[in-house]
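Here is a short briefing to read with the sequence and the 3D view side by side. Take it one topic at a time, and find each residue in the view as you go.

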Amino acid sequence: MVSREHKRPATPLHEKFQLLRSITNSHALNKTSIIVDASKYIEELKQKVERLNRNIASTAQNSAAQTLLPVQVTVETLEKGFLVNVFSETSCPGLLVSILEAFEELGLNVHDASVSCTDRFQLEAVGGEDEEQVESIDAQVVKQAVMQAIKNWSESISQ
């Protein structure tokens, strides 16, 4: 004799419970237990997503900090000013603005510049002091200001 359940066609709701049971790897037989198992499964998924998001955030911060390392800065003293070279193997969106702001704070005018920001960052700038500036700036001060601008830029992108 065939049981009554097998004679009845499966209802759409019953099929959905069976699907939910299989997706959540539940061994429950009644509807309430299937829903409880599904709820636990959803909570586990939420925790996994939170862990993954934390891992992604820490990885992004580490990679942003690592972009600082390959940045090379050289400053040479010219007759009336400086030749500043900044180079990085990676593209650095926004870095040019930070460096130019550092020049401005030092009172340096950019007389000539060549910049590439596509696949990597490269800046070659010739700058000189403002005419009104009384005290002279040396190359080490310019280099420190550029390095500080790079550090500030990297901190701003990692936030």
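A salt bridge is a side-chain nitrogen of Lys or Arg within 4 Å of a carboxyl oxygen of Asp or Glu. By this rule the count here comes to 1 salt bridge, and its partners are Glu43 and Lys46, whose side chains meet at 3.6 Å, N to O. This is a predicted model, in which local features need pLDDT of at least 70 and side-chain atom pairs count only at pLDDT 80 or more, while totals for chains, interfaces and linings use all residues. Residues are numbered from 1 along each chain as its sequence is written, and side-chain values use heavy atoms, with hydrogens and water left out.

**Confidence and overall layout**

- The mean pLDDT (the predictor's confidence in each residue, from 0 to 100) of the chain is 81, and 81% of the residues reach 70 or more.
- The chain has 5 helices and 4 strands, which are DSSP runs numbered from the N terminus (helices are H or I with at least four residues, strands are E with at least two).
- Along the sequence, these elements follow the pattern α-α-α-β-β-α-β-β-α.
- Which helix has the lowest mean pLDDT among the elements? That is helix H1 (residues 4-7), with 55, whereas helix H2 (residues 12-23) has the highest, 89.
- Where pLDDT is low, the predicted coordinates should not be read in detail.

- Side chains of opposite charge can pair when their charged atoms come close.
- Glu43 and Lys46 are separated by about one helical turn, because they sit 3 residues apart in helix H3 (residues 31-68).
- Glu43 counts as partly exposed, at 41% relative accessibility, and Lys46 is partly exposed too, at 45%. (Buried means under 20% relative accessible area, exposed over 50%, and partly exposed in between, with a 1.4 Å probe and protein chains only.)

**The nonpolar core**

- A nonpolar core is a set of buried Ala, Val, Leu, Ile, Met, Phe, Trp, Tyr and Cys residues joined through side-chain atoms within 4.5 Å.
- The largest one has 22 residues, of which Phe82, Val84, Val86, Ile99, Val142 and Val146 touch the most other members.
- Strands S1 (72-78), S2 (81-88) and S4 (121-129), together with helices H4 (95-106) and H5 (139-157), each give two or more residues to this core.
- H5 gives the most, with 6 residues.

- The buried residues of H5 include Val142, Val146, Ala149 and Trp153.
- Ser98 lies in helix H4 and counts as buried because its relative accessibility is 17%.
- Apart from neighbours within four places in sequence, Ser98 is in contact with Ala149 and Trp153.

**Val115 in strand S3**

- Is Val115 buried or partly exposed? Val115, placed in strand S3 (residues 108-116), is partly exposed, with a relative accessible area of 40%.
- Not counting residues up to four places away in sequence, Val115 touches Leu96, Gln122 and Leu123.
- Val115 and Leu96 are 19 residues apart in sequence, and their C-alpha atoms are 8.4 Å apart in space.

Key:
Contact = heavy atoms within 4.5 Å.
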